[in-house]
Amino acid sequence: MSRADMDKQPDEVAGMFDGVAGGYDRTNTILAVGNDYLWRIATARAVDPQPGERILDVAAGTGTSSATFAKNGASVVALDFSPGMVEEGRKRHPGIEFVVGDAQQLPFDDEVFDAVTISFGLRNVNDPKLALAEMYRVLKPGGRLVICEFSKPPVALLRAGHRAYLKLVLPVVAGLSSSNPDAYSYLAESIEEWPDQGVLSQWIRGVGFTRVAYRNLTAGVVALHRGRKPADAVVLASHAKRKRAARPKAGDSGASTPPTAPNTSGTATDAGDL
Ligand SMILES: C[S@@+](CC[C@H](N)C(=O)[O-])C[C@H]1O[C@@H](n2cnc3c(N)ncnc32)[C@H](O)[C@@H]1O
């Protein structure tokens with residue numbers, strides 16, 4: 001079992017984030033060479049907060065991600081299971097409602113949010129598929145999911161450069177700028193072990209989201225994933241049933257549907273709206 005797996009034990013992860021809460025945002029900006037600002041703008045655009053909407057930011061940390069959604073009259077709930085991060089967040093963003101809670105067992109009723117988003121958090125969750133299912137549950141029908149997460153550059157040369165950065169540069173920079181460099185060794189390992197854009201898209205689809213798509217940011221160092229909870233699951237199920245019934249059966253007339261070619265573009269997938 002790797003260190004990233006071991007450290008994914010909820011208590012250990014929460015304790016680790018408690019320990020870095022104060023300097024967390026500064027270290028991140030240094031490690032991302034300022035790109036975090038652009039990633040956050042792209043995420044906020046994808047979430048597209050509207051007046052009167054309720055938006056849930058899961059694994060919100062100190063609320064840096066949440067603050068970008070609290071505009072246009074939308075109300076944001078920031079959830080995180082690290083009390084240290086939440087305490088720091090409440091100090092920094094008094095206008096945002098912070099909740100201590102687990103992404104795998106969201107403390108909310110079904111279908112209460114217009115949009116659910118998670119930035120750089122899903123990778124840290126012990127069971128990411130369970131967290132995705134929870135996000136689906138609390139979204140209203142037609143609601144939007146936006147995930148911003150580290151990913152894998154699709155171009156081999158860039159991927160090799162990225163791996164070298166994680167192994168060689170990140171530990172040194174984190175050692176100089178963070179109070180807990182160990183937390184950043186975990187960061188490097190967890191990014192390496194995290195699945196690529198295609199696999200995460202399958203997980204999102206797997207819990208029921210439709211219109212699943214992603215867009216690479218900074219050449220795929222980060223990917224922005226989106227999905228929708230179907231507006232009416234019953235209507236969609238009956239559409240799918242009708243489509244299946246209308247499909248010619250094997251051997252009917254020799255006119256079978258060719259299999260869909262896999263997407264190899266490395267930039268976006270699916271019938272999405274990116
Ligand atoms: C890298 S930080 C991201 C914070 C913030 N979203 C941002 O973009 O700056 C990851 C956060 O995930 C939280 N986290 C990890 N697992 C969690 C879980 N199961 N439930 C809630 N929060 C979790 C950690 O406490 C940490 O604050």
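**Figure 1. The loop that holds Ala219.** Ala219 is placed in the loop that runs between β6 and β7. In this predicted model, the phi of Ala219 is near 60°, a positive value in a residue other than glycine. Is Ala219 buried or exposed, or does it fall in between? Ala219 has 16 C-beta neighbours inside 10 Å, and therefore counts as partly exposed.

**Figure 2. The protein as a whole.** Eleven helices and seven strands make up the secondary structure of the protein. The protein has 274 residues, of which 39% count as buried. When contacts between residues at least 6 apart in sequence are considered, 66% join residues at least 24 apart. The mean pLDDT of the protein is 84, and 83% of its residues reach 70 or more. Residues 252–274 have a pLDDT below 50; beyond near neighbours in sequence, this stretch has 27 contacts in the model. Where pLDDT is low, the predicted coordinates should not be read in detail.

**Figure 3. The surroundings of the ligand.** The ligand is surrounded by 21 residues, of which Ala59, Gly61, Ser82, Ala103 and Ser119 are the closest. Helix α2 supplies the largest share of the shell, four residues. By residue type, the shell consists of eleven nonpolar, eight polar and two charged residues.

**Figure 4. Ala59, one of the residues closest to the ligand.** Ala59 belongs to the closest residues around the ligand and is found in the loop between β1 (residues 54–58) and α5. Although Ala59 is not a glycine, its phi is positive, about 55°. Ala59 counts as buried because it has 25 C-beta neighbours inside 10 Å.

**Figure 5. The buried side of helix α2.** Val13, Phe17 and Val20 are the buried residues of α2. They cover an arc of only 65° around the axis, and therefore lie on the same side of α2.

**Figure 6. The buried face of helix α3.** Within α3, which comprises residues 24–31, the buried residues are Tyr24, Thr27 and Leu31. Seen down the axis of α3, these buried residues fall within an arc of 70°, so they line one face of the helix. Just after α3, Val33 takes a positive phi of about 50°.

**Figure 7. The two sides of helix α10.** Helix α10 spans residues 197–206, and its buried residues are Gln197, Leu200, Ser201 and Ile204. Their arc around the axis is only 105°, which puts them on the same side of α10. Against which elements do the buried residues of α10 pack? Their partners are α7 (residues 128–138), β5 (residues 139–150), β6 (residues 210–217) and β7 (residues 222–228). The face turned away from the buried side of α10 carries the exposed residues Val199, Gln202 and Gly206. Gly208 follows α10 and has a positive phi, near 120°.

**Figure 8. The largest nonpolar core.** In soluble globular proteins, nonpolar side chains tend to be buried together. The largest nonpolar core of this protein has 61 residues. Leu56, Val58, Val116, Met135 and Leu145 are the residues with the most contacts inside this core. Strand β5 gives the most to the core, with six residues. Apart from its neighbours within four places in sequence, Leu56 is in contact with Val77, Leu79, Phe113, Val116 and Val138.

**Figure 9. Val138 and its contacts.** Val138 is located in helix α7. Val138 is buried because 21 other C-beta atoms lie within 10 Å. Leaving aside neighbours within four places in sequence, the contacts of Val138 are Leu56, Leu106, Phe108, Asp110, Glu111, Val112, Phe113 and Val116. Val138 and Val112 are 26 residues apart in sequence, and their C-alpha atoms are 5.6 Å apart in space.

How values were computed: Residues are numbered from 1 along each chain as its sequence is written. This is a predicted model: local features need pLDDT of at least 70, side-chain atom pairs count only at pLDDT 80 or more; totals for chains, interfaces and linings use all residues. A residue is near a molecule or strand if its C-beta atom, placed from the backbone, lies within 6 Å of it. Ala, Val, Leu, Ile, Met, Phe, Trp, Tyr, Cys and Pro count as nonpolar, Asp, Glu, Lys and Arg as charged, and the others, Gly among them, as polar. A residue is buried if 20 or more other C-beta atoms lie within 10 Å of its own, exposed if 12 or fewer, and partly exposed in between; C-beta atoms are placed from the backbone. The arc is that of the directions from the helix axis to the C-beta atoms. Two residues are in contact if their C-beta atoms, placed from the backbone, lie within 7 Å. pLDDT is the predictor's confidence in each residue, from 0 to 100. A nonpolar core is a set of buried Ala, Val, Leu, Ile, Met, Phe, Trp, Tyr and Cys residues joined through C-beta atoms within 7 Å.
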